[in-house]
Amino acid sequence: MTTLTTEAGTRIDRFRALTKGVEGWINPLSVRIWDVMLGWQAQEGSPGDMLEVGVWHGRTAALLALHANAGERIHLVDFNRHEPLDDNLDRFRDHCAGTIELTIADSFTFFNDAFMSEHRRRLRWIHIDGSHEASGLHSDLLHAESLLAKNGVLVVDDFMNPMFPQVSEVTFEFMHQRRHELSLTLNGANKAYIVRPLHHKTILRRIESGAFEREIAALGMEIELRKGTHLDRPVYGVRPSK
Ligand SMILES: C[S@@+](CC[C@H](N)C(=O)[O-])C[C@H]1O[C@@H](n2cnc3c(N)ncnc32)[C@H](O)[C@@H]1O
């Protein structure tokens with residue numbers, strides 16, 4: 001493994017260098033949000049495997065690779081083996097303290113009984129970015145809920161993206177059904193950040209104390225945060241400041 005510094009600014013630089021020419025959609029705000037939240041998990045000492053459904057060429061997986069600690073596995077699932085993926089993952093492995101495991105499968109079949117019982121409530125990061133069909137997303141969310149650890153973060157891609165209205169509709173409906181198990185905590189850059197209700201309180205404290213904004217600023221981006229009015233638990237919106 002190549003020696004890595006844990007200094008966050010440098011990690012963003014390393015992510016840029018590692019993913020030069022790697023196709024993907026994650027935008028600069030999301031890169032910073034992931035870096036900060038994954039960093040919190042390291043400070044909390046919340047180890048756990050990570051999972052991504054929908055890998056494409058591996059751009060978002062690269063960021064997970066830079067955060068994985070020794071003994072942690074990154075489970076990647078995609079039903080297509082897109083041509084540059086294997087080569088990209090080989091490069092990422094040189095910068096990853098953990099293990100990267102790619103499974104070519106439909107997520108529906110990937111989540112078999114063995115995987116579910118081995119990882120129940122043990123995954124610290126889950127990125128759902130595979131099927132954007134209502135039924136496929138619903139199935140991924142059902143599995144993700146069972147797998148998410150106490151201090152885990154579940155990220156849903158294309159949430160509130162007007163081009164994928166079913167993603168928002170299914171996510172809201174699912175969140176309502178699971179409101180005692182999950183909380184929507186942050187929404188920004190087309191992604192929803194969902195956590196366990198107790199962890200929600202910790203994230204809110206970090207947002208409301210200004211820590212989140214300061215940490216993102218330290219990574220070179222000023223942000224605007226807005227607290228939504230709410231019926232149950234508050235949710236924040238985030239975007240880059242103009
Ligand atoms: C938007 S791309 C993922 C982008 C990647 N996360 C990134 O940001 O770099 C979506 C991927 O999901 C995969 N996919 C779609 N439906 C799937 C399913 N049901 N099971 C597994 N993979 C799926 C596609 O093959 C595609 O590679």
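Ala, Val, Leu, Ile, Met, Phe, Trp, Tyr, Cys and Pro are counted as nonpolar, Asp, Glu, Lys and Arg as charged, and the others, Gly among them, as polar. The exercises below concern a predicted model.

**Exercise 1.** Describe the largest pocket and the classes of the residues in its lining.

*Solution.* Begin with the space: the largest pocket holds about 720 Å³. It is lined by 36 residues, and those closest to its centre are Gly54, Asp129, Gly130, Ser131 and His132. Next, sort the lining by class, which gives 11 nonpolar, 16 polar and 9 charged residues. Finally, turn to the elements: helix H3 (59-67), strand E2 (73-78), helix H5 (107-110) and helix H7 (134-147) each provide at least two lining residues. The greatest share comes from H7, with 4 residues.

**Exercise 2.** Determine how H7 and H8 pack against each other.

*Solution.* Two packed helices are described by the angle between their axes and the distance between those axes. For H7 and H8 the angle is about 35° and the axes lie 10 Å apart. Their crossing is right-handed. On the H7 side, the contact is made by Ala134, Leu137, His138, Leu141, Leu142 and Glu145. On the H8 side, Gln166, Val167, Val170, Thr171, Phe174 and Gln177 take part. By class, this contact has 7 nonpolar, 4 polar and 1 charged residues.

**Exercise 3.** Decide whether Thr171 is buried or exposed, and identify its contacts.

*Solution.* First, locate Thr171 in helix H8, residues 165-177. Its relative accessible area is 1%. Buried means under 20%, so Thr171 is buried. Apart from neighbours within four places in sequence, Thr171 is in contact with Leu137, Leu141, Val156, Phe159 and Ile194.

Note on methods
Residues are numbered from 1 along each chain as its sequence is written. This is a predicted model: local features need pLDDT of at least 70, side-chain atom pairs count only at pLDDT 80 or more; totals for chains, interfaces and linings use all residues. Side-chain values use heavy atoms; hydrogens and water are left out. Buried means under 20% relative accessible area, exposed over 50%, partly exposed in between (1.4 Å probe, protein chains only). Contact means heavy atoms within 4.5 Å. On a 1 Å grid over the protein atoms alone, a cavity is a set of points where a 1.4 Å probe fits but cannot get out, and a pocket is an open set with protein on both sides within 12 Å along at least five of seven lines; lining residues have an atom within 4 Å of a point. Grid points are joined across faces, edges and corners, and a volume is the space filled by probe spheres set on the points. Axes are lines fitted to C-alpha atoms, for helices over the stretch in contact, and angles run from 0 to 180 degrees between N-to-C directions. A crossing is left-handed if the near helix is turned anticlockwise from the far one by less than a right angle, and right-handed if clockwise.
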